[in-house]
Amino acid sequence: MEVINNLTKAFASQENPSSPLHEFQSDNWKTFAGLGLPAIKHEEWKYTRIRNAYADNLVIATDAQLSAATLSAHQLPGTDHANRIVFLNGRYQAGLSSFQDDSASLVVKPLETAAGDEDAEFVNLHLGHSQKYHPDGINALNAAFAAGGVYIRVNKGKSLNQPVVIYHFTDSSNGYAFSQPRILVNAAEASAASIMETYVNIGGGESLTNEVIEICAAQDAVLHYVKIQNEGAKSSHSGTTHIRQLGKCLTHAVTLTLSGKLVRNNLNMVMEAEHGESHMYGLYLLNGDTLADNHTIVDNAMPHCFSNELYKGILDEQSTGVFNGKIFVRKDAQKTNAYQSNKNILLGDHASANTKPQLEIFADDVKCSHGCTIGKLDEDALFYLKARGISEQKAKALLLHAFAIDILDQIQHEAIREYADKLISERLSFDF
Amino acid sequence: MLKIENLQARIEEKEILKGINLEIKPGEIHAIMGPNGSGKSTLASVLAGREDYEVTGGSVDFLGKDLLEMSPEDRAKEGLFLAFQYPVEIPGVSTTNFIKTAVNEKRKYLGQEPLDAAQFLKTMKEKMKLVEIDQSLLSRSLNEGFSGGEKKRNEIFQMAMLEPKLAILDETDSGLDIDALRIVANGVNQLRSKDNAFLVVTHYQRLLDYIVPDFVHVLYKGRIVRSGTKELALELEEKGYDFIKAELEKETV
């Protein structure tokens, strides 16, 4: 495969033996070389032919420029005062990033720098932890290019005044562009932060993003995470959001997928301390040929933890939704409460949904529930609305918006919630 | 206003309406009574346009138009209203927004300007008094977690907002205690005028103590077998439906 040769060349050209990440990267390169790209016979990739996204014409670009005008054109509304982190083609751009919270609260630096300074211990301890849950080639491939990544620390006892919005730009003007962002977040004891990620394909060509973000939340931290995917039909994505609860804390994630070619999101909540609480919400609103695959893992290792998970899908035309929700309750994790639900509405005659709850429970005193539905819009509700003079199209939009709203309501940041609502309302032709 | 001639309808393979004839003029209140399974609710649903039922014969003229050719939403916009026996709970749809949309869709259809927020609020306040419905109920999701009585009151409230020409109340009294029944009936009576009409579908006579009908029809096995004035309802209440059944059997013998 030509793509492997190209990746090999790209890896060699960025190798830097004096980098503190060198060992991590070269170990992972070896892992990747051994594993290769996941094939569909791999159970975890049954519906998602990620290998197809790694086409021979994939370009691993490094030298691109992003103008301030392009950047501001894609800024999320209502985030003028947000902390902004910019990636271009998978590499952190310090010059384009800007911060509102002061450095006593928020520290952001290249991952490579963090790996060699006072944060080195943290980096060594936590970087690559997601691999335990995703021991596949693409996680390793991302790690092999980790030097372009970023390190984010929210200091002990600090609440950020503004969210951290991470923009991932991929410039596809010179061909099928490949980005591999890498992020490590250290949410220290009793800190509070909101982190959002969004993706932009500039240049009009095809793109592929292979991302890994690892977030560690310490005792009493409150961490909100939002991922908004609306990159367009030419962009594929595989991303892992790996959230580790190191102490009793609250972590909350919302994933919105509105467009894309092939989209795979892994979301992990690793609950390593007693009394942890985690929330995972997702909405995929798809049309065309988009495939969106959400794989989630809640790993309960300690007692008295609570997790709630709700993913909803609206699938139009010939789009495909995949949901796989794993919940592990380890032997010691007594009194775990874990809830999971996945609901799908099929609008298109050729749309499909594949849903699979997967609970592995080794403790005997737990409450776990799961449920999934795949169906059409409720005919009785539709008739009720029509019987009041509301047109079929408007009634459908109203019901679909109502279906989506409880996921949108989970976005804490008001401007972002309104923005997401606007995107979804436009797609559903919903106007009230 | 409404002229039903030889209306026949079925659901799947089961024939339910076997030739209904009924004419309703402006200003009239008609009651349709009958035992369970006689086709009362089917008639209400067919008139509102529920697609589960297949009309196999007959015609329905509503204000000079062929009702059966119209979509449910157009029937509503032409001035037909069905108060549901089982109002549907719709989480995530605010009651107020829903009613506002319905009112303005109808206005648009009739070539009227949409109500602005202030006008809408004013109308809403007036009509809320009419059915003694609380603001807090209307700021909630449509019918979600409403009690039986609250759902029925919400139906009458929607009716008041939409000002239909013909309102069909499908067993609006079922599940209502006497206070709720009085409130619902009071709402209907206040909305009554010489220009509109009501078709009250009910199993029991008690609602008709409050909403006094001009005509009472007894539906049995898919046909109207008796028509009369309000005294017929009292007779039915006294003697029960078996009396009608027995009489009918006598006739056929």
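Which residues in α4(B) meet which residues in α6(B)? In this predicted model, local features need pLDDT of at least 70 and side-chain atom pairs count only at pLDDT 80 or more, whereas totals for chains, interfaces and linings use all residues. Residues are numbered from 1 along each chain as its sequence is written, chains are lettered from A and ligands numbered from 1 in the order in which they are written, and side-chain values use heavy atoms, with hydrogens and water left out.

From α4(B), B:F120, B:T123, B:M124, B:K127, B:M128 and B:L130 are in contact (heavy atoms within 4.5 Å) with B:F157, B:A160 and B:M161 of α6(B). Seven of these residues are nonpolar, one is polar and one is charged, where Ala, Val, Leu, Ile, Met, Phe, Trp, Tyr, Cys and Pro count as nonpolar, Asp, Glu, Lys and Arg as charged, and the others, Gly among them, as polar. The axes of α4 (residues 117-130) and α6 (residues 148-162) of chain B come within 9 Å and cross at roughly 135°; axes are lines fitted to C-alpha atoms, for helices over the stretch in contact, and angles run from 0 to 180 degrees between N-to-C directions. Helices (H or I, at least four residues) and strands (E, at least two) are DSSP runs, numbered from the N terminus.

Chain B also contains an open, mixed sheet of six strands, ordered β6-β9-β10-β3-β11-β12, in which pairing requires at least two DSSP bridges between two strands. Strands β9 (residues 166-170) and β10 (residues 197-202) of chain B run parallel and are joined by five bridges, with B:L169 opposite B:V200 in β10(B). Helix α6(B) packs on the sheet, where α6(B) touches β6, β9 and β10 of chain B, and its direction makes about 170° with that of β6(B).
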